[in-house]
Amino acid sequence: MKTIFVNPERCVGCRQCEFACAVEHSASRDPAQAVFESPPPRSRIHVMPGRWYNTSFPNRCRHCNPAPCQQVCPTAAITRDAEHDLVMTDAGKCIACAMCAMVCPFDAVTFHEAANGGPARVVALKCDGCLERIAAGQPPACVEACKSGALVYGELNELIAEGRAREASVVLTSAVASQSASTRPPDHVLGWRAWGTTATELNEGVHHGRH
Amino acid sequence: MAGTENVSQLSSCNDARAMIVRAKEEGIETVWDRLAAQEPQCGYCSLGVSCRNCSMGPCRVDPFGEGPQKGVCGADADIIVARNLGRTIAAGAAAHSDHGRDILEVFGELAEGATSGYELRDKVKLEALAEEWGIEVEGRDSQEIALELADAMMEDFGSRKTCLGFSDRLPHERRELWAKLGITPRGIDRESVEMLHRTHMGVDNDYVNTLLHGLRTSLSDGWGGSMVATELSDVMFGTPKPNTSKINLGTLRAECVNIALHGHNPLLSDVIMQAAEDQELVALAKEKGAEGINLVGLCCTGNELQMRTGIPMAGNHLMQELVILTGALDAMVVDYQCIMPAVTDVAKCFHTEVISTADKAKFTGATHISFDPHRGYEIGKQIVRKGIEAYTNRNPERVRIPEGTVEMMAGFSVEAILGALGGTPEPLVEAIKAGKIRGAVGVVGCNNPKVQQDLGHVTLTKRLIENDILVLVTGCSAVANGKAGLMMPAAAEMAGPGLKEVCESLGIPPVLHMGSCVDNTRILTLAAALANYLGTDIDKLPLAGAAPEWYSEKAVSIGAYVVASGIYTVLGVQPAIFGSPNVVNLLAAGLEDVVGAKFAVEADPEKAALLIRRHIETKREGLGLPFVEAAKIAAEAA
């Protein structure tokens, strides 16, 4: 399964991914023209500061499987693209009820009018995995923009294997130090958000050697 | 190497394409590879909305409105964009003006008799300048005059003046306008320093006020530092006269020691030229197996040499790495400005010796030979000797010089143009009035790897001359148009019927080489002379400027002083201002009501030509001259 993988310790907080994402999802796909578009194009990736100085995390839809958002969407506006294993939204079906956002473990869904077509009303916007770009053999826009290697695109297990050797010592330390923090996924939708928060915090801490 | 797959898209020149292919084959990195690696470039910086002027920051404004709209200090996109643009102009003006100061200092020392290798070659110009600056000429010798002129010009760099010495060249209306707006440049250094002050956190927090000072800063360059550089270079090295020489990488000669002179300042290259003719050194070159010493120019140092002495031109900005890739360049002697740090990396792949000469411009990997005007000739010889030594390391099997050269005519100083016209602008004015020449456009500026090399310059120039618009070129644009064959009298064939007739009667090309990039001041001087002759202001004239492939901070300063002088200017590469719609509106519209001219940004040279033609016809209408409805030209585009 190919995916966008995050190396949080490499994120310098430059927010180039946000910019590239907004441009990719604009009508013109041109940075000079995109800033003058109405509605303004919106990024679907959000770089959030970490708890420690100069740490940050580029947060985006993880395309979960099973996807809690898909499970709760009352209009079946959220579906899975089987070929690329991506969770996709259908703006035409979206009623902006925000159920998806309420259960999203990563708060990755935002509500705006789409700049690159779709109904002239606020709908759920989230990462579409740059489906068009990857179908054309290009990396996702955020990955292309990331010059520090915080965002990489590739086969999930290969990327993990790369990191495994590199971070073995950190992982061993964290496994001992953070036994109490449960990262087992919850059995019910209700628990997804809390689980996401725990997982994110743990992840951030692991990568900065604080667990 | 990434980014060189489609070589024909990178450059429109065959000599460049051949060398890019070689770089690809041999795995040698060039500017196009580095651009590809940088893409996509920082969006915030591209739009000008990032600020790192203080350590409460760095900050950036989200141009899409979702994230922060103000920096930590409270600066919004307007202030941040204006600060950045202001500093860019200040850096560009500083570069030109420091170049001017270097010339002036040597000029002053020459007047004191303390230099070696320099002389006052154009005493007529010296006296004309002295009279312009109110210096007594009668009964005094040249050195005395030069000394007093040097002192007077030094004063222009400081802060004791209220206006610059060259401002008398301007039409009265323009001077009044600048005074009213508070943008009369007072001192050459002062305006750049004040811009750095204003853009410090918490000083000038009004973007309009900052940008007005940006115009003043640029004027301190155009009517100050650059003009000093141009005029004194003429006095010391000779005022250019039309001459024909050769251009492109084919000017390198496999059988000779090849030395390229790269950068901007003619101070050093002039003495190297003398040294290359030194019998002892020529004999040494022959002893080492070469037939002689072949000097070629690159960038504006090349322009300075070509227009005065006909030394052949190897190429413009994007050729600086490629000239080394011929394998036939023995030494690249650099002074300053626009010299990529990468040249020493490319040189490591060959035998080429990179020799830096300015103490303010050193390069890791280069041999530094500190230039000292007191021992100019001696140092010139030392450098040429170094080139001959490097020649002995050349591997003939790696020599691949693209074949063929193109002829071009250079050296159209204002004096030369007026000379060709019989000493008065009247024939030019009459040709414009009659509509044989619709107007004149300065197509200037750099190369930028974001634009297919030379395509912007050449396409725009061709469209303009086809429509009877006289084109004046400097810098990289001069090289581009020279390579395209547009700068020989025979190119009149490519001009419209009116321009063709004028060119043929005067024996001049339709595209006139006016020099290096500091020599854009020649265009200002000519424009002012035309306005004065007609008793009007510059902004009323059918003139325009264009920088289709600009890249440097100096180009921003040039664009600003051209607009502030009243000349509409079209940029082919987007400046970093689009994060502030207010700044864009001011520069692309509002300025028209302030200084009578504005900027436009148009990446497509075909469309830029239409914009300029419409503008010129509008100005013709304003002067009561025969004109074509601007709307008709617009319709042609649709």
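Student: How many residue pairs are in polar contact between chain A and chain B?

Tutor: Seven, counting pairs with both residues at pLDDT 80 or more. A polar contact is a pair of N or O atoms within 3.5 Å; within protein, one must be able to donate a hydrogen and the other to accept it, and residues adjacent in sequence count only if both atoms are side-chain atoms. Before we go on, this is a predicted model, where local features need pLDDT of at least 70, side-chain atom pairs count only at pLDDT 80 or more, and totals for chains, interfaces and linings use all residues. Residues are numbered from 1 along each chain as its sequence is written, chains are lettered from A and ligands numbered from 1 in the order in which they are written, and side-chain values use heavy atoms, leaving out hydrogens and water.

Student: Which helices of chain A each supply at least two residues of the side that touches chain B?

Tutor: Those are H1 (16–24), H2 (31–34) and H6 (141–145). H1(A) gives the largest share, five residues. They are called helices because they are DSSP runs of H or I with at least four residues, while strands are runs of E with at least two, both numbered from the N terminus.

Student: What makes up the side of chain A that touches chain B, by class?

Tutor: You'll find 12 nonpolar, five polar and five charged residues there. Nonpolar covers Ala, Val, Leu, Ile, Met, Phe, Trp, Tyr, Cys and Pro; charged covers Asp, Glu, Lys and Arg; the others, Gly among them, are polar.

Student: How many residues does the contact take from each chain?

Tutor: 22 from chain A and 20 from chain B, where contact means heavy atoms within 4.5 Å. About 1,600 Å² is buried between the two, 58% of it on carbon and sulfur atoms; buried area is the accessible area (1.4 Å probe) that two parts lose on being put together, summed over both.

Student: Over to chain B, then. Why is Asn265(B) called buried?

Tutor: Its relative accessible area is 4%. Buried means under 20%, exposed over 50%, and partly exposed in between (1.4 Å probe, protein chains only), so Asn265(B) clearly qualifies as buried. Asn265(B) sits in the loop between E4 and H11 of chain B, and among the residues it touches are His99(B), Asp102(B) and Thr301(B).

Student: Why is Gln38(B) called partly exposed?

Tutor: With 47%, Gln38(B) is neither under the buried limit nor over the exposed one, so it lands in between. Gln38(B) belongs to helix H3 (residues 31–38) of chain B.

Student: How do you know that the buried residues of H12(B) lie on the same side?

Tutor: The buried ones are Leu281(B), Val282(B), Leu284(B) and Ala285(B). They span an arc of only 155° around the axis, which puts them on the same side of H12(B); the arc is that of the directions from the helix axis to the C-beta atoms. On the other side, Gln279(B), Lys286(B) and Glu287(B) are exposed.

Student: What do the buried residues of H12(B) pack against?

Tutor: Strands E4 (257–263) and E5 (293–298), plus helices H11 (266–276) and H15 (376–391), of chain B.

Student: Which residue caps the N-terminal end of H12(B)?

Tutor: That's Asp278(B), with a side-chain oxygen 3.0 Å from the backbone nitrogen of Glu280(B). After H12(B) comes Gly289(B), with a positive phi near 105°.

Student: What is the phi of Gln337(B)?

Tutor: Near 75°, a positive value in a residue other than glycine. Gln337(B) is in the loop between strand E7 (331–334) and helix H14 (343–348) of chain B. At 16%, Gln337(B) is under the buried limit, so it counts as buried.

Student: Where is there a cis peptide bond at Pro66(A)?

Tutor: Between Asn65(A) and Pro66(A), with omega about 5°. Another cis bond joins Gly57(B) and Pro58(B), with omega about 10°.

Note on methods
Lists of a residue's contacts leave out its neighbours within four places in sequence.
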